[in-house]
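Have the model open as you read.

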Amino acid sequence: MSDCIFCKIANGEIATNFVAETELSVAFWDIAPQKPVHVLVVPKEHHSNVGELAFANQAALVDLIQLGDKVASQLSTGSYRFTFNTGAEAGQTVFHAHGHITSETPKEQLV
Ligand code: AMP
Ligand code: ZN
């Protein structure tokens, strides 16, 4: 999708604060973090929400969850939320599937 901001981030057209990448997914810091840890995990393939991703490409969905869990364990104590807003009335503003990894407990707070 040529006018989709997360497609542009995933294909490198728009720079962002990247955290990690797999063949199927990217993870980057949310531009307006709501919590001490707030990272988005995004499939490289365009689907408008997580349900559509699940029906269209199960491997990409599993990869997304695995990448989110890995990033959460790297950046936080491992206690985190994984949120998928679906639909404008539920707060979805970017219509390219993405999960929010949020945590109140960044790893560095342990030391
Ligand atoms: P949602 O409201 O669930 O659709 O989430 C969209 C999220 O994308 C919001 O938390 C925004 O802050 C975030 N966002 C929008 N544009 C960018 C961007 N260019 N880089 C990083 N995060 C972004
Ligand atoms: Zn897209």
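A backbone N or O atom of Thr93 lies 2.7 Å from an oxygen atom of ligand 1, a polar contact in the sense of a pair of N or O atoms within 3.5 Å. Look next at Gly91, where a polar backbone atom is 2.8 Å from a ligand 1 oxygen, and at Val94, whose polar backbone atom is 3.0 Å from an oxygen of the ligand. On its own, ligand 1 exposes 500 Å², and the protein buries 83% of that; such areas come from the Shrake-Rupley method with a 1.4 Å probe.

A word on what you are viewing: this is a predicted model, in which local features need pLDDT of at least 70 and side-chain atom pairs count only at pLDDT 80 or more, while totals for chains, interfaces and linings use all residues. Residues are numbered from 1 along each chain as written, chains are lettered from A and ligands numbered from 1 in the order written, and side-chain values use heavy atoms, without hydrogens and water.

Now step back to the shell. Of the 17 residues around ligand 1 (a heavy atom within 4 Å), Asp30, Asn85, Gly91, Thr93 and His100 come nearest. By class, nine are nonpolar, seven polar and one charged. Helix H1 (5-10) gives the most to this shell, with three residues, and strand S2 (25-29) supplies at least two; helices here are DSSP runs (H or I) of at least four residues, and strands (E) of at least two.

Where does ligand 1 sit? The space taken by ligand 1 is the largest pocket, with a volume of about 440 Å³. Its lining comprises 24 residues, with Phe6, Asp30, Ile31, Leu40 and His100 nearest the centre. A pocket is an open set of points on a 1 Å grid where a 1.4 Å probe fits, with protein on both sides within 12 Å along at least five of seven lines, and lining residues have an atom within 4 Å of a point.

Terms used:
A polar contact is a pair of N or O atoms within 3.5 Å; within protein, one must be able to donate a hydrogen and the other to accept it, and residues adjacent in sequence count only if both atoms are side-chain atoms. A molecule sits in a cavity or pocket if more than half of its atoms lie within 2 Å of its grid points. Ala, Val, Leu, Ile, Met, Phe, Trp, Tyr, Cys and Pro count as nonpolar, Asp, Glu, Lys and Arg as charged, and the others, Gly among them, as polar. Grid points are joined across faces, edges and corners, and a volume is the space filled by probe spheres set on the points.
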